[in-house]
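Q: Please take a close look at one part of this model. Then set that part in the context of the whole complex.

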Amino acid sequence: MSVEISPQLLRRNKTSLWWEFWDDFKRNRIALLGLIILGLLLIVAIAAPWLTPYDYQASNMPQSLKPPSAEHWLGTDELGRDILSRIIYGTRISLRVGLEAVALSLLLGILLGACAGYYGGITDSLIMRLMDMMLAFPPLLLAIAFMAALGRGIENAIIAIGIVAIPEYARIVRGSVLSVKENDYIQAARAVGNHDFQVIWYHVLPNVMAPLIVRATLGISAAILEAAALGFLGLGVQPPEAEWGAMLGSGRAAIFSAPHIITFPGIAITITVLAFNLLGDGLRDALDPRMKQ
Amino acid sequence: MLKYIIKRLLMLIPVLLGVSLIVFLIMHLFTGDPAALMLGQHATEAQVTALRESLGLNEPLYLQFGKFLWQLLHGDLGRSLMSRRPVLDDLLACFPATIELAFFSLLIATVLGVTVGVIAAVKRYSFFDYLSMIGALLGVSMPIFWLGLILIIVFAVNLQWLPVAGRIEIGLEPARITGLYLMDSLLTGNWEAFFSAVRHLILPGTALAAYSMAIIARMTRSTVLEVLKEDYIRTAHAKGLAKLRVIYHHALKNALIPVVTVIGLQLGFLLGGAVLTETVFSWPGLGSLTVNAILASDYPVVQGSVLLVAVVFVVVNLLVDLLYAYLDPRIHYQ
């Protein structure tokens with residue numbers, strides 16, 4: 001006898017799960033605030049060319065280090081560039097670094113964690129010992145070491161920050177794979193002739209998505225902070241690109257005469273990181289069954 | 001307990017080997033030709049080839065790693081390309097400054113973080129609770145180097161209460177015993193140097209402590225809240241014990257066990273974060289040395305400093321594990 005589940009029933013079930021999550025999530029006003037801030041930041045990043053009052057790269061030395069005024073709302077930097085325009089363009093870079101770095105660590109973390117958990121034995125030992133060794137370094141220091149080796153620039157910053165975070169995702173995925181791989185439905189999926197990749201992709205990974213989404217959201221905020229730190233040290237995004245950390249680094253020499261030069265980029269970083277942290281906390285509360293109790 | 005300690009110490013060997021391997025691979029696989037870097041842009045091909053030969057860079061990678069380990073075991077980390085001094089000497093000269101800053105920050109973060117966390121838990125949903133948790137949220141979201149710059153503007157430039165940069169006023173350096181100015185000035189009874197060192201530590205220490213303080217406060221709050229729900233706390237209240245006594249003797253001792261782990265792990269963050277704080281405050285420590293070495297492509301120094309911090313991080317983690325096992329009687333030493 002076979003049991004057939006209609007596609008409509010499956011769709012309704014999936015939809016109700018989504019609504020259940022959304023119900024839990026939207027009750028958390030602070031998390032909702034994080035989501036709204038991120039939505040606004042995304043709009044700012046996309047609409048940057050239309051929102052900026054000045055060319056963000058154009059120097060204007062006679063206008064250098066001007067305090068906030070009606071002409072330049074957030075003042076000008078040491079080369080006379082409009083700080084507001086640079087902060088608006090900086091949104092693009094920070095969001096890009098955060099999202100791409102986390103995408104890289106997610107991709108490699110899922111691959112390594114799934115292989116370690118699914119195949120076990122020597123594969124598991126080799127991968128997880130390597131992950132343990134990477135966790136033996138303070139993350140920022142390891143990112144700095146990678147930057148020293150790879151060279152400066154935004155792409156290398158994304159690679160360095162992405163590699164450093166791989167162990168966190170690999171551990172989450174491995175743990176979840178270990179806990180589900182002996183379940184009957186996994187054995188059944190294998191028995192009907194699915195390849196290992198199909199089993200992992202369609203049957204194992206959906207069970208790991210909740211903790212991964214939460215970790216990735218919080219990981220974006222960590223990645224943005226690390227990118228800003230690398231930019232501040234002169235190792236990340238290079239001038240004349242408008243990266244918030246690099247703006248703080250280049251403006252540092254002028255803080256005694258023009259403190260506004262470092263105030264606003266710092267506020268921009270804090271708001272963005274705060275928004276991702278609020279969203280991450282909210283997602284954790286909504287997705288973790290223990291938090292609902 | 002002794003068996004457990006020996007076992008954990010033995011487990012340290014493969015981790016340290018792995019850490020050395022990662023640092024070696026990063027520096028050897030990605031940095032290009034160290035011989036060309038050492039000789040600079042104007043070197044001829046023949047000079048580079050000769051140096052590659054003499055440094056053993058043409059040998060297979062595993063042999064090079066073996067040599068690297070052998071030199072490491074003999075305390076030889078190579079020579080700095082900038083100062084031409086042994087890397088170990090440069091590291092040891094800067095290390096006390098970083099350790100002093102990291103431990104001072106840990107002290108600030110622990111004292112303030114635990115105090116705020118406990119008060120927030122005991123006075124749950126009060127104004128103080130909300131205020132401290134908003135502060136904690138900002139603490140984990142704020143870049144520490146930005147906070148450092150803001151502290152300089154407010155307390156050093158505008159209010160002129162504290163110095164902008166450096167470890168101590170010029171000319172007040174105490175006689176070197178440990179390299180830690182606070183300890184050296186205490187050991188030599190030099191109070192002027194001691195207070196100058198403390199004044200110089202406050203701003204960088206606070207900037208570096210902010211993130212850890214926020215983490216410790218959040219962790220303390222949640223563990224104290226958990227413990228306050230336990231039956232034995234209700235029993236203690238029912239016996240008529242004073243509220244403070246219940247909190248201190250019954251709740252805090254149990255709640256702080258997991259907090260100890262978090263505090264220990266923060267030292268690793270503080271060592272990493274010191275790179276940023278030292279750059280902001282011109283603090284002559286390992287962080288400043290590393291950043292300058294990267295900017296000057298002085299790879300032996302970068303390799304040595306990353307290795308040193310990682311080893312300290314691993315050893316601190318081990319000590320935290322041992323302390324945790326000692327504090328929590330439920331953990332068996334197996």
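How many of the 13 residues of H4(B) are buried?

A: One. H4(B) is hardly covered, with a buried count of one among its 13 residues.

Start with the geometry. Helix H4 of chain B covers residues 61-73. From first C-alpha to last, H4(B) reaches 18 Å. That is close to the 18 Å expected at 1.5 Å a residue. After H4(B) comes Gly75(B). The phi of Gly75(B) is positive, near 75°.

Next, confidence. Chain B has a mean pLDDT of 87. Of its residues, 97% reach 70 or more. Within chain B, helix H2 (residues 34-39) has the lowest confidence, at a mean of 73. H7(B) has the highest, at 94. Where pLDDT is low, the predicted coordinates should not be read in detail. For the complex, the predictor gives an ipTM of 0.88 and a pTM of 0.88.

Now the contact between the chains. Chain B puts in 39 residues and chain A 35. On the chain B side, the elements that give two or more residues are H1 (2-29), H6 (127-141), H7 (144-158), H11 (243-280), H12 (286-295) and H13 (299-327). H11(B) supplies the largest share of that side, eight residues. By type, the side of chain B that touches chain A holds 31 nonpolar residues, eight polar and no charged.

Then the core. The largest nonpolar core has 169 residues. Ala143(A), Ile144(A), Ala145(A) and Ile161(A) touch the most other members. Helix H9 of chain B, residues 191-228, gives the most to this core, with 18 residues. Beyond its neighbours within four places in sequence, Ile161(A) is in contact with Val97(A), Ala101(A), Ala143(A), Ala223(A), Glu226(A) and Ala227(A).

Last, the partner chain. Chain A has 13 helices and zero strands. Its C-alpha trace spans about 85 × 45 × 30 Å along the principal axes. Of the 293 residues in chain A, 44% are buried. Among contacts in chain A with a separation of 6 or more, 69% join residues 24 or more positions apart.

Back to the part in question. H4(B) has one buried residue among its 13, and its end-to-end reach is close to the expected 18 Å.

Definitions and conventions: Residues are numbered from 1 along each chain as its sequence is written. Chains are lettered from A and ligands numbered from 1 in the order in which they are written. This is a predicted model: local features need pLDDT of at least 70, side-chain atom pairs count only at pLDDT 80 or more; totals for chains, interfaces and linings use all residues. Two residues are in contact if their C-beta atoms, placed from the backbone, lie within 7 Å. Helices (H or I, at least four residues) and strands (E, at least two) are DSSP runs, numbered from the N terminus. Ala, Val, Leu, Ile, Met, Phe, Trp, Tyr, Cys and Pro count as nonpolar, Asp, Glu, Lys and Arg as charged, and the others, Gly among them, as polar. A residue is buried if 20 or more other C-beta atoms lie within 10 Å of its own, exposed if 12 or fewer, and partly exposed in between; C-beta atoms are placed from the backbone. The expected span of a helix is 1.5 Å times one less than its number of residues. A nonpolar core is a set of buried Ala, Val, Leu, Ile, Met, Phe, Trp, Tyr and Cys residues joined through C-beta atoms within 7 Å. pLDDT is the predictor's confidence in each residue, from 0 to 100.
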